[in-house]
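Please examine the structure shown below. A short briefing on selected features follows it.

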Amino acid sequence: MVEDKIDDNEVEQWGESPVVLLQQKSMEYSIISKRSSRARYSYGIIFLITNLIAWFVRDYGERILPLLHYSKACGDGGSECSHTMGVLRVSLGCFIFFLVMFLTTCFTSKLYDVRNVWHSSWWILKFLMLIIFTVIPFFVPSDYIQLYGEFARVGAGVFLILQLISVIEFITWWNNYWMPDERKKQSCSLGLFMSTVCYIASICGILVMYVLYASKTSCILNIFFISWTAILLVVMMAVSLHSKVNRGLLSSGIMASYVVFLCWSAIRSEPATQKCSSQQQNNAHGGWTTVIGFLIAICAIVMATFSTGIDSQTFQFRKDKVQSEDDVPYKYGFFHLVFSLGAMYFAMLFISWNLDGLPRKWSIDVGWASTWVKIVNEWFAATIYLWKLILPVVRQTKVMDHEETEQQMDNSTSV
């Protein structure tokens, strides 16, 4: 009986072969990448907690937080650290936290970078940083907080633009995915079904808004908002179906639903003092419906910030870059930058874009400023969408004209 014995040297050589080392590195990169992907949910929870703190300080800070009375910056009775000013102070702390994270993680491209470890771990230190950055603004004079509020308006506007671009890119990707294909007959039918559902929902939304918010001739502004939204729906569908554009019904249908939703949200933000406002109906129902609506709105803010933050590929100049296994799963710098802008955005929603007003309890994004911000957001979204449809046609036309001009010059030269 002959036994084959393998020397220890041979085992070591086999264990350190290039193939095995590559597999080990690949597994290590996969573990680190999953850890980095899980980290973004932790930042989302931090952002949600900050939103809840801002709401608590706004509605109950003056009565339940007696420590605010000892800060000179909070004024007599802590009035300068609650309501609108309280929200701005919490927002400033959240903004500073994510700005620091942006400055310390931007341009991180590889998983073995030290900054990747900082992004994905050290949570105890980060929570201490968050607490410190949240407390410090409560000792800052109110004039500087007011100045931050003016700056936050601009930052919130930038956040809305980034969110619009991200949503439109997603709609474009979805339309391309469901485009008719000989190998995907089911996809074509599903795309047609989804576009039909979107258009039916949009038309029903327009009719319902006319009945609920524009039933009186005195509701001129609401009639204008809803009618202009209906015109935008027709224009987007016509441009999308034009022979030179030929983008189908799905993208325009999804965009129509989104535009109708923005119009409905704008009308819902009208103050309760108006005869055509839905806030009067909400005040009549009151109670738990208001609380549920408020909590849903906070979750929507967090989800909007999170979805925009992880969509860094939309804002890359080079979209053809191949992803390596040692590359970070998403751009950390862009992620934290969006969250810092989101801190300004949630502040504007909590104070209804009004730096001098007194927000009502359990209210969010209610007032004429909020209404006009959403209406302009709706018009801007439709403009960006139409621009993305028309731009390729314009470029192609310019190229063809340039080629014709060169051909005519060549012909004239030859003659």
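How far apart are the end C-alpha atoms of α12, and what should its 19 residues span? The end C-alpha atoms of α12 are 27 Å apart, which agrees with the 27 Å that its 19 residues should span at 1.5 Å a residue; the expected span of a helix is 1.5 Å times one less than its number of residues. This is a predicted model, in which local features need pLDDT of at least 70 and side-chain atom pairs count only at pLDDT 80 or more, while totals for chains, interfaces and linings use all residues. Residues are numbered from 1 along each chain as its sequence is written, and side-chain values use heavy atoms, leaving out hydrogens and water.

**Helix α12**
- Helices (H or I, at least four residues) are DSSP runs, numbered from the N terminus.
- Of the 19 residues of α12, 18 are buried (under 20% relative accessible area, with a 1.4 Å probe and protein chains only).
- Serine 340 lies in α12, which covers residues 332-350, and counts as buried because its relative accessibility is 1%.
- Beyond its neighbours within four places in sequence, serine 340 is in contact with Phe95, Phe98 and Leu99 (heavy atoms within 4.5 Å).

- Tyrosine 330 is placed in the loop between α11 (288-309) and α12.
- Tyrosine 330 is buried, as its relative accessible area is 3%.
- Although 297 residues separate tyrosine 330 and serine 33 in sequence, their C-alpha atoms are 9.6 Å apart in space.

**Helix α4**
- Valine 117 is found in helix α4 (residues 114-120).
- With 43% relative accessibility, valine 117 counts as partly exposed (between buried and exposed, the latter being over 50%).

Notes. Helices (H or I, at least four residues) and strands (E, at least two) are DSSP runs, numbered from the N terminus.
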